[in-house]
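Here are my notes on the model you sent, as numbered points. Please read them with the coordinates open.

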Amino acid sequence: MEYNERLARFRQGHVNPFDRREIDSSTEGKDPPKHEVRSEIFSSESKTQRSDQAMDLGLAEDHFSRPVDPEEDEPNLQVLLEHRFSKEKSKSVKQMCDKCSTIIWGLIQTWYTCTGCYYRCHSKCMNLINKPCVRSKVSHQSEYELSICPEVGLDKQDYRCAECRTPISLRGVPNEARQCDYTGQYYCSSCHWNDTAIIPSRVIHNWEFEPRKVCRTSMRYLALMMSRPVLKLKEINPLLFNFVEELVEIRKLRQDILLMKPYFITCKEAMEARLLLHLQDRQHFVENDDMYSLQDLIDTSSGHLSCSLTEIHTTFAKHIKLDCEKCQAKGFMCELCKEGDILFPFDNHTSVCHDCFAVFHRDCYYDNSTTCPRCARMLERQHEESQNP
C-alpha cells in the first residue's frame, strides 16, 4: 500500500519512488517540500546531460597527455660484471644486441653500450648477461696468444661452445660449430658472428696480415690490444728483421729518436714547442726501441709508419742541427781526424763510443786501432786525482 501511494505521488510530480532519501523520510512520517524534490531531479538530469556531452566530445579522457614510457626511469649508467653500461641516446643507428643476437631498433627500444669493451645490448637483456668486460682482461693480462690457431679439438670441448656451453657440432645440429682462428676453440653462432681480425701470431711468425674469422670476445680483445706495445720482437722472433727490411728501417729511426730525446729534455725551446708530442700516439717510441704494438706492425707493412716516422725524424733533426743554437753547442768534433762539421750521435755516418758516448766519424772510429781518445783522457785524469788527493 505504501509503495502504491508513493508511485501515485511520483506520477503527480511529488516524489521519486526509488530515492532512498524519500523512503527514509516517508518512514519518519515527513514529506519533503515539492520544490526541493523537483530541483533535485533537475540537477541530476543536468549532470547526466553534461557527462553525456563530455563523452560525445571525447573530453572524458586526456588524449593530449604525454605517453608514459616505462623505460624512461632507467638509469643512464649501470655497472654489471665490470661492464660500465651507458644508455645510448641515438635513435637512428641500427645495431645488433650481443646477448640475443637480434636487431636493436633505436626508435622504439632502449639499449646500452659498455664504455670499456663496446658490448651492446637491449635494456631487457641486461640481467641476462654472463660475460665479463673484456677490458678487465686487457688490464690484468696484456699479452697475446702467440701460437697459430692452437686447436684442441671439438671433442675436448665436450661438443659444447667454449663460452656459453651450448651444444654444437660440425654438421650444424643442433647448432653450428664455428672456429676462432685466434683461440683455436669452437663457438656457437651466438658467440661467433664470423667477424674477422688480424691475428698477431700470424703476423709475428709469417708476416701475414690477412684477416681471419674470430669470435666476438676475441674480436673485442684484439681491438683493445691493438695499440698496446706488448710485442718484443727480438725475443719472440729475432729472425724477422732479416726478412723484413721495413722493420730494420723503423728500428733505426726509433734508435735515432731515443738519441735525440736528451737534447729535447734539456732544451727550453723544445719543451715550449712540445716537439715530443709528435709521438703522443706512439709514446713507447720515446721510451724504448724494441717494443712494438700490433698497430705498429700493420702500419709498417702498409708503409704508413715509415713515412710518418721519417717526417718526425726530419723535424727533430732540423731543430737540433739548424734551429736551436743550444742544441748545436752539444754536438761533437771528431777527435780522431779533427776535421769535418759538428757531429751528432744520430747522424748516419757516425759511430758512438759505448763507454763515454763520444761521437766520431764511422770510418775514423773503425780504422783507429787505439782506444777512444776521450776514454783515455778520462782514465788519465782519474789516475792523477788518485795520486794527488
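Which residue just after α11 takes a positive phi?

1. The residue is G303, with a phi of about 90°. Bear in mind that this is a predicted model.

2. Helix α11 covers residues 294–302, and its buried residues are L294, D296, L297, I298, D299 and T300. The elements that cover these buried residues include the helices α5 (200–206), α7 (233–236), α9 and α12, together with the strands β11 (231–232) and β12 (291–292).

3. The axes of α9 (residues 245–265) and α12 (residues 304–323) come within 10 Å and cross at roughly 30°. Since angles under 35 degrees count as roughly parallel, α9 is therefore roughly parallel to α12. The crossing is left-handed.

4. On the α9 side, the contact is made by E249, I250, L253, R254, D256, I257, M260, Y263 and F264. On the α12 side, L305, S306, L309, T310, H313, F316, A317, H319 and I320 take part. By type, the residues of this contact divide into 11 nonpolar, four polar and three charged. An α-helix has 3.6 residues a turn, so residues three or four places apart point the same way.

5. For the chain as a whole, there are 15 helices and 14 strands. Of its 389 residues, 35% are buried. The accessible surface comes to about 24600 Å², and carbon and sulfur atoms account for 51% of that area.

6. On sequence separation: among contacts between residues at least 6 apart in sequence, 54% join residues at least 24 apart.

Technical notes. Residues are numbered from 1 along each chain as its sequence is written. This is a predicted model: local features need pLDDT of at least 70, side-chain atom pairs count only at pLDDT 80 or more; totals for chains, interfaces and linings use all residues. Side-chain values use heavy atoms; hydrogens and water are left out. Axes are lines fitted to C-alpha atoms, for helices over the stretch in contact, and angles run from 0 to 180 degrees between N-to-C directions. Helices (H or I, at least four residues) and strands (E, at least two) are DSSP runs, numbered from the N terminus. Angles under 35 degrees count as roughly parallel, over 145 as roughly antiparallel, 65 to 115 as roughly perpendicular and the rest as oblique. A crossing is left-handed if the near helix is turned anticlockwise from the far one by less than a right angle, and right-handed if clockwise. Contact means heavy atoms within 4.5 Å. Ala, Val, Leu, Ile, Met, Phe, Trp, Tyr, Cys and Pro count as nonpolar, Asp, Glu, Lys and Arg as charged, and the others, Gly among them, as polar. Buried means under 20% relative accessible area, exposed over 50%, partly exposed in between (1.4 Å probe, protein chains only). Accessible areas come from the Shrake-Rupley method with a 1.4 Å probe; for residues, only the protein chains shown count as cover.
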